[in-house]
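Subject: The structure I promised you

Hi,

Here is the structure I said I would send over. Have it open while you read, and my notes on what turned up follow below.

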Amino acid sequence: MSKSNQANVLITGGAGYLGSVLASTLLQEGFGVTVLDNFLFGQNSLMDCCGNDRFRVIRGDVRNQKVVKDAVASHDIIIPLAALVGAPLCNFDETGAVSTNQTAIESLCRLASPSQVILYPTTNSGYGVGERGKFCTEETPLRPISLYGMTKVRAEEAVLARGNSLTFRLATVFGASPRMRVDLLVNDFVYRAVHDRAVLIFEGHFKRNYIHIRDVARAFLHAIANFSSMRGKPYNVGLEEANLSKLELCATIKKHLPQFTYVEAPIGEDPDKRDYIVSNQRILGTGFRTEWDLDRGIRELIKAFTILRQSKYANV
Ligand SMILES: NC(=O)c1ccc[n+]([C@@H]2O[C@H](COP(=O)([O-])OP(=O)(O)OC[C@H]3O[C@@H](n4cnc5c(N)ncnc54)[C@H](O)[C@@H]3O)[C@@H](O)[C@H]2O)c1
C-alpha cells in the first residue's frame, strides 16, 4: 500500500489530540482522509484541513452502528482513535468507557470487510507494573489495572484476532497538537514549569516510556508503507533512549527552564501503577526511526505553552 494509489483513510476520533496531527499529516502525504468524530470537547482542531478536497468530515458517534457502517464503506484503511482516553475520564463515565473503547471497536471489527486494513493504537500502560530492570517486549503479558487499560487491551485483542490489522502500543505521547492535552505527563510538567515554575511529584521513581506526537503520525505512515511485512502483530512505539522516571523527566525539563523546581511528596497514586521500561526493538527492526527526542519536544512545548494559558478567571 502506498500513497501513490491514493488510499482512503477513515480516522475515528480524528479531531482529538493524536487525530488532529495524524489527519493533516496524511493529507500532506496525499491520502484521502475522512474523520468521524462526535467532537466531545467542542474542539475546532481540524479547521486547517477543511480547505483540502481530499478531506471529509462526519459528525457522529462510533457507538452508532449505522453511522459506522456507512463511514467504513469506501475506505481502504481504518484508524480507530475514538475513545474515552485516560483512567480518570473512564472512571468518570464507566459505561461510556466500555461502549466506546471496547464494544465499538469489537463492532467495527465485524463491520469492516476482511480486505480493509485496521491500524489500532493502544496504550503500553497495559504492561502495568513491570519487573524491575526488565524491558517489556510485545511478548510480556498485559496486566492492565484501570478500566481504561482493560478496555484498550480487550479492543486490541479483537483487532488482532480479525487479521489484516496491526496495533501500536504507544508510550505516553507528548508534543503540541491543535487539540491540546495538558493531562499527559510530559505536557503537564512542561505546562507547570512554564506557568507555575514548580511541580509536586508523587511516585517520582516510577519509570515510563515516551513518544512525540509527530513520531506517532510517522509510525502510522510507516505501517501503511510496510503493511505487508508488519501486519498481524502489536508493536511498542516509544523513544528507545527515553525510559525515564518522573524525576529524570523533571531534570530534563529543568535543563531548558533552570528556574523550574520539583519536589516529591506522597500526594497521589497512578491508577495504572505504571512503572516499567519498554523495548521498542520490534518496530526499530522494521526500519522505523524516531525524529523527535524529549529535548526537541520540550522546546516545542515551551513555545506552545507561551501561547496557551488557562486564565479564564484572571485578568492576565
Ligand atoms: N495520547 C496518548 O498518550 C495515547 C497513548 C496511547 C494510546 N492512545 C490512544 O490514541 C487514541 C486517541 O487518543 P488522544 O490522545 O488523541 O485522545 P483525545 O481524547 O484527544 O481524542 C479522542 C477523540 O475521540 C472522540 N470521541 C470520543 N468519544 C467518541 C464517540 N463516542 N464517537 C466519536 N468520537 C468520539 C473525541 O471527540 C476526540 O476527538 C485513543 O484511542 C487512545 O486510547 C493515546
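Predicted model: local features only at pLDDT ≥ 70, side-chain atom pairs only at ≥ 80, totals over all residues.

The side chain of Thr-252 reaches the backbone oxygen of Glu-248 at 2.9 Å, which is a polar contact (a pair of N or O atoms within 3.5 Å; within protein, one must be able to donate a hydrogen and the other to accept it, and residues adjacent in sequence count only if both atoms are side-chain atoms). You'll find Thr-252 in helix α9; helices (H or I, at least four residues) and strands (E, at least two) are DSSP runs, numbered from the N terminus. With 13% relative accessibility, Thr-252 counts as buried, where buried means under 20% relative accessible area, exposed over 50%, and partly exposed in between (1.4 Å probe, protein chains only). Setting aside neighbours within four places in sequence, Thr-252 is in contact with Leu-244, Asp-295 and Ile-298, contact meaning heavy atoms within 4.5 Å.

Residues are numbered from 1 along each chain as its sequence is written, and side-chain values use heavy atoms, with hydrogens and water left out.

Now have a look at helix α6 (residues 185-195). Eight of its 11 residues are buried, so α6 is largely enclosed by the rest of the structure. Among those buried residues are Leu-185, Phe-189 and Tyr-191. The cover over them includes α1 (17-28), β10 (207-212), α9 (246-256) and α11 (294-307). After α6 comes Arg-197, with a positive phi near 65 degrees.

Tyr-127 is in the loop between β5 and β6 (135-136) and Tyr-276 in the loop between β13 (261-264) and β14 (277-278), so the pair ties together parts that are 149 residues apart in sequence. Both count as buried, Tyr-127 at 0% relative accessibility and Tyr-276 at 3%. Tyr-191 and Phe-305 make another edge-to-face pair, at 5.1 Å centre to centre and 80 degrees between the planes. That one links helix α6 to helix α11, with the two residues 114 apart, and both are buried.

Last, the sheet. It is open and has seven strands in the order β3-β2-β1-β4-β5-β7-β11, with parallel pairing; two strands pair if DSSP finds at least two bridges between them. The edge strands, β3 (55-59) and β11 (234-237), each pair on one side only. β5 (residues 117-123) and β7 (residues 165-170) pair over six bridges, and Pro-121 stands opposite Phe-168 in β7. Helix α4 (residues 94-111) packs on the sheet, touching β4 (77-80) and β5, and its direction makes about 165 degrees with that of β5. For that angle, axes are lines fitted to C-alpha atoms, for helices over the stretch in contact, and angles run from 0 to 180 degrees between N-to-C directions.

Cheers

Technical notes. Phe/Tyr/Trp six-rings, centres within 6.5 Å; stacked < 30°, edge-to-face > 60°.
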